Amino acid sequence: MIVDFHTHIFPPEMIADRARFMAGEDWFTHLYGDPAARMAGAEELIEEMDRAGVDKAVALGFPFRSHDLCARSNSYLAKAARSWPGRIIGFANANPKAAGALAEIEHCLELGLKGIGELVPDSQGFDLADAGAIAPLADLAAENGLPMLIHLSEPVGHSYKGKSRTTPEKGYALARAFPALKLVFAHWGGGLPFYELMPEVRRDLAGACYDSAASPYLYDAKIFKVAVSLVGHKKILFGSDFPLLSPERCRREIEAAGLSPAEMKAILGGNAARLLEGDCGEPA
Ligand SMILES: [Zn+2]
């Protein structure tokens, strides 16, 4: 089974008139202010999945600062998951600082959403290392075995849209504050896997996974073999960051990475299946 763990879809009204949703949303404006920046809905995601031979995709909305926009996006994700059962797995988003965040996520679980994310602290205006801010959502996720997917960025290297100030040490602080949380650090955790060579860091990150979203834009394809040697193949998830990149291109990159069949099988879908059942991060 092939699972793309990191895709983004938008409700039709946001795609039709994106400018209407930009007030107070600096990150959204930064990423999608250019009309050429592609936005996609569930139908296009399914088409791309079919083209790439992807069985299931985790569909994320956008990390809006506005509680109402998160809620609107969540209802669309729930509808998409209902329309393509077993193919689209929706995750819920909410601004942890919003008064209604916890109630919104609880509502989303009733609607059939299966995780939380992608949280982007720089977009939503909170500090990932501030355990108090995220505690209600983190506790809910930990209690229910829900994966929580977080955008992390590398502290070095070239600048690009989407590069945030939420770097590996913030993700590490979160993992230490909530040891029972099933964390997925997006974009290779901004380089966090390297620090798992330190025994205490490895222990603290036992429950964390890393997705490969946008990898071709960030890293040499060697990263797949390197990351397997750092954290083991059971902690790595195939993610494309569709519509930024096609699942087809990202899948091909993994298949050409020189991994063993067992490693490839785990990364392309086995780990995702386990994680979505609430079990991630067993020792490799
Ligand atoms: Zn991201």
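Modeller: The conversation below takes the helices, strands, cores and some individual residues in turn.

Colleague: What kind of model is this?

Modeller: This is a predicted model.

Colleague: Let us start with helix α4. Which of its residues are buried?

Modeller: The buried residues of α4 are L69, C70, A71, S73, N74, Y76, L77, A78, A80 and A81.

Colleague: And what covers the buried residues of α4?

Modeller: The cover includes the helices α1 (12-16), α3 (42-52), α5 (101-110) and α6 (121-124), together with the strands β2 (56-60) and β3 (88-90).

Colleague: How far apart are the end C-alpha atoms of α4, and what should its residues span?

Modeller: Helix α4 comprises residues 67-83, which is 17 residues, and at 1.5 Å a residue these should span 24 Å.

Colleague: What happens at the start of α4?

Modeller: There, a side-chain oxygen of S66 comes to within 3.2 Å of the backbone nitrogen of D68.

Colleague: You mentioned β2. Which strands does β2 pair with?

Modeller: Strand β1 (residues 3-8) pairs with β2 in the parallel sense, over four bridges. In that pairing V3 stands opposite K56 of β2. Strand β2 is also joined to β3 by three bridges, and those two run parallel. Here A59 stands opposite G90 in β3.

Colleague: How many residues of β2 are buried?

Modeller: Four of the five residues of β2 are buried, so the strand is mostly covered.

Colleague: What do β2, α4 and β3 make when taken together?

Modeller: They make a β-α-β unit, and it is right-handed.

Colleague: Changing topic to the other sheet: what is the strand order there?

Modeller: Five strands form an open sheet in the order β4-β5-β6-β7-β8, with parallel pairing. The edge strands are β4 (116-119) and β8 (236-237), each of which pairs on one side only.

Colleague: How many bridges join β7 to β8?

Modeller: Two bridges join β7 (residues 208-211) to β8, and the strands run parallel. Y210 has I236 in β8 as its bridge partner.

Colleague: Now the nonpolar cores. Which residues touch the most other members of the largest one?

Modeller: In the largest nonpolar core, which has 68 residues, these are I134, M148, I150, L183, F185 and L205. Apart from it lies another core of 14 residues, including M14, A37, F62 and C70. C70 is also one of the buried residues of α4.

Colleague: What is I134 in contact with, leaving aside its neighbours within four places in sequence?

Modeller: On that basis, I134 is in contact with P96, L119, F126, L128, M148, L174 and F178.

Colleague: I am curious about H187. Where does it lie, and is it buried or exposed?

Modeller: H187 is in the loop between β6 (182-186) and α9 (192-195). Its relative accessibility is 5%, so H187 counts as buried.

Colleague: Which residues does H187 contact, leaving aside neighbours within four places in sequence?

Modeller: They are H6, E118, H151, L152, D211, A213, A214, L218, Y219 and D241. With E118, the side chains form a polar contact of 3.3 Å.

Colleague: Where is E118, and what is the peptide bond from G117 to E118 like?

Modeller: E118 is in strand β4. The bond from G117 to E118 is cis, with omega near -5°. A cis peptide bond also joins F242 and P243, where omega is about 5°. P243 lies in the loop between β8 and α13 (247-255).

Colleague: Where is D241, and is it buried or exposed?

Modeller: D241 is in the loop between β8 and α13. With a relative accessibility of 10%, D241 counts as buried.

Colleague: Last one: is A23 buried or exposed?

Modeller: A23 is exposed, because its relative accessible area of 73% is over the 50% cut-off. A23 is found in the loop between α1 and α2 (26-32). The C-alpha atoms of A23 and L275 are separated by 36 Å, and the two residues are 252 residues apart along the chain.

Note on methods. Residues numbered from 1 in each chain as written. Predicted model: local features only at pLDDT ≥ 70, side-chain atom pairs only at ≥ 80, totals over all residues. Heavy atoms only, no water. Expected span 1.5 Å × (residues − 1). Buried < 20%, exposed > 50% of the residue type's maximum accessible area, 1.4 Å probe, protein only. Contact = heavy atoms within 4.5 Å. Polar contact = N/O pair within 3.5 Å; in protein donor to acceptor, adjacent residues only side chain to side chain. Core = buried A, V, L, I, M, F, W, Y, C linked by side-chain atoms within 4.5 Å. Pairing = 2+ DSSP bridges. Right-handed = clockwise from strand over helix to strand, strands pointing away.
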